[in-house]
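Here are my notes for you on this structure. Keep the picture open beside them and look for each part as you read.

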Amino acid sequence: MLGDTVLRERMVRELVEARGVTDARVLAAMREVPRHLFVRDLLMTQAYGNHALPIGGAQTISQPYVVAKMTEMLDVGPEHKVLEIGTGSGYQTAILARLARWVYSLERLPDLAHQAIRRMRQLGVLNVKIQAFDGTVGWSEVAPFDRILVTAGAPRVPKPLLEQLAARGKLVIPEGDRHRQRLVVYERIAGRVRRLEGEEVAFVPLVGRHGWDPPEGERE
Ligand code: SAH
């Protein structure tokens, strides 16, 4: 898209100046990943505004500030193996892929998962594995994870995810009701789990065995 580098630069400047995001690696990743390729053609011109946008299946790509904030809280290092729940468009996945060694991402809606897989291929992102299943049970075959990020709103943290968190691991999740949540960081230190609350957010519901029931009329 014509001028997308300039639009990204402006988006990043706003993240720093108006929103107080400071992590240089997170900002660099947001400068590099072409967010407009993660939304539908008709919405491309809106891709760099600070808002969520529809991505199909009644789901949304999160606003840039929330992506930046959660990624900053997650504190991802270059050697980390990361699990993400709620691939959606794959935008957050692509950001994580620039910061971590490996990213495993789960999306319950197969159409969205397949689209995201195609996008990773187009963008040449090679350190990501995406699968379509209920992420509230985690991904035991490839656990434990150094970092876990949940990008859908949960009633409480799914127990399997805490169990799949490595020693000194961190997990970030929006916890609350179906419409409003608070970002929470769980950290595993010396056999204990510390819980820290952050700011308010509004995510679509985390639907699954350890999350909310599916919307009425939907067959699992
Ligand atoms: N990070 C994404 C956010 C997508 S919205 C982005 O920026 O594009 C949240 C996503 O979580 C939706 O796509 C929804 O289908 C998915 N989701 C909800 N419950 C889930 C579950 N139990 N397992 C995996 N994905 C889930």
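**Notes on the ligand, the sheet and a loop**

1. Let us begin at the ligand: one of its oxygen atoms lies 3.3 Å from a backbone N or O atom of serine 62. Glutamate 107 places a polar side-chain atom 2.6 Å from a ligand oxygen, and a polar backbone atom of glycine 86 is 3.5 Å from a ligand nitrogen. The protein buries 99% of the 580 Å² that the ligand exposes when taken alone (Shrake-Rupley method, 1.4 Å probe).

2. Before going on, please note that this is a predicted model, where local features need pLDDT of at least 70 and side-chain atom pairs pLDDT 80 or more, while totals for chains, interfaces and linings use all residues. Residues are numbered from 1 along each chain as its sequence is written, and side-chain values use heavy atoms, leaving out hydrogens and water.

3. Now find the open sheet, in which seven strands run in the order β5-β4-β3-β6-β7-β8-β9 with mixed pairing. Strands here are DSSP runs of E with at least two residues, helices are runs of H or I with at least four, and both are numbered from the N terminus; two strands pair if DSSP finds at least two bridges between them. At the edges are β5 (128-131) and β9 (192-201), each pairing on one side only.

4. With β6 (residues 145-150), β7 pairs in the parallel sense over four bridges, and arginine 147 stands opposite lysine 170.

5. How many residues lie between β7 and β8 in their hairpin? There are four. These two strands pair in the antiparallel sense over seven bridges, with valine 172 and valine 185 as bridge partners. β8 and β9 are also antiparallel, over eight bridges.

6. Finally, visit alanine 18, in the loop between α1 (4-17) and α2 (24-32). Alanine 18 is exposed, at 58% relative accessible area. Its C-alpha atom is 37 Å from that of proline 160, 142 residues apart along the chain.

Terms used. Buried < 20%, exposed > 50% of the residue type's maximum accessible area, 1.4 Å probe, protein only. Polar contact = N/O pair within 3.5 Å; in protein donor to acceptor, adjacent residues only side chain to side chain.
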